[in-house]
Amino acid sequence: MNYWLMKSEPEAFSIEALQAMPAQTEHWDGVRNYQARNMMRDDMRVGDLVFFYHSNCPEPGIVGIMQVVREGYPDFTAFDPQSKYFDPKSDPAKPRWIMVDIKFVRTLKRLISLSELKQYDELQGMQLLRKGNRLSITPVTEEQWEFILSRE
DNA sequence: GCCAACGTTGGC
DNA sequence: GCCAACGTTGGC
């Protein structure tokens, strides 16, 4: 069982939007970074728990929890010229990009902001907090996961 | 294979 | 809107 953190701009896709989906489940499309793709492809398993992080918004931070319900499969938005995630170099016969399906578990009782996360010694070394980190998917250790939930 | 130019992310 | 950090592209 692994733990993760996945970022989304709430204007594009928020935890409220996930909660409103049929079966409260959605595919996590549009990841166009190889490191993040490799994590989805190689390491993410059904049952893994994921923090939902709102990025690029007035108060960035962790807003809820979701769960992986389908393991990596081709990101079909890469094949759709109408999609903003279209990638002409992704060949349907040899897909370049991968997505997983994610199900809403719950919102946190309160938002745990990025600025708060940065203040905890216990979270030193958390990949999200590394200088210059731009990865939209990062692993979270069990210790970090438990600690963050204990601050809720 | 190097690296300059360019594009994107995302906090502030 | 700014800009630091970083990834990708493409000429050589």
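A pocket is taken here as an open set of points, on a 1 Å grid over the protein atoms alone, where a 1.4 Å probe fits and protein lies on both sides within 12 Å along at least five of seven lines. The structure is a predicted model, in which local features need pLDDT of at least 70, side-chain atom pairs count only at pLDDT 80 or more, and totals for linings use all residues. Residues are numbered from 1 along each chain as its sequence is written, and side-chain values use heavy atoms, without hydrogens or water.

The largest pocket holds about 510 Å³ of space, a volume being the space filled by probe spheres set on the grid points. Its lining comprises 18 residues, of which K7, S8, A12, D29 and Y85 are the closest to the centre; a lining residue has an atom within 4 Å of a point.

D75 is buried, at 0% relative accessible area, where buried means under 20% with a 1.4 Å probe and protein chains only. The D75 side chain reaches the backbone nitrogen of G30 at 2.9 Å.

Aromatic residues also deserve a look. W28 and F52 form an edge-to-face pair, because their ring centres are 5.5 Å apart and their planes stand at 75°; pairing requires centres within 6.5 Å, and edge-to-face requires planes over 60 degrees apart. W28 is buried at 8%, as is F52 at 0%.

Conventions
Chains are lettered from A and ligands numbered from 1 in the order in which they are written. Buried means under 20% relative accessible area, exposed over 50%, partly exposed in between (1.4 Å probe, protein chains only). A polar contact is a pair of N or O atoms within 3.5 Å; within protein, one must be able to donate a hydrogen and the other to accept it, and residues adjacent in sequence count only if both atoms are side-chain atoms. Rings of Phe, Tyr and Trp (its six-membered ring) pair if their centres lie within 6.5 Å; planes under 30 degrees apart count as stacked, over 60 as edge-to-face and the rest as tilted.
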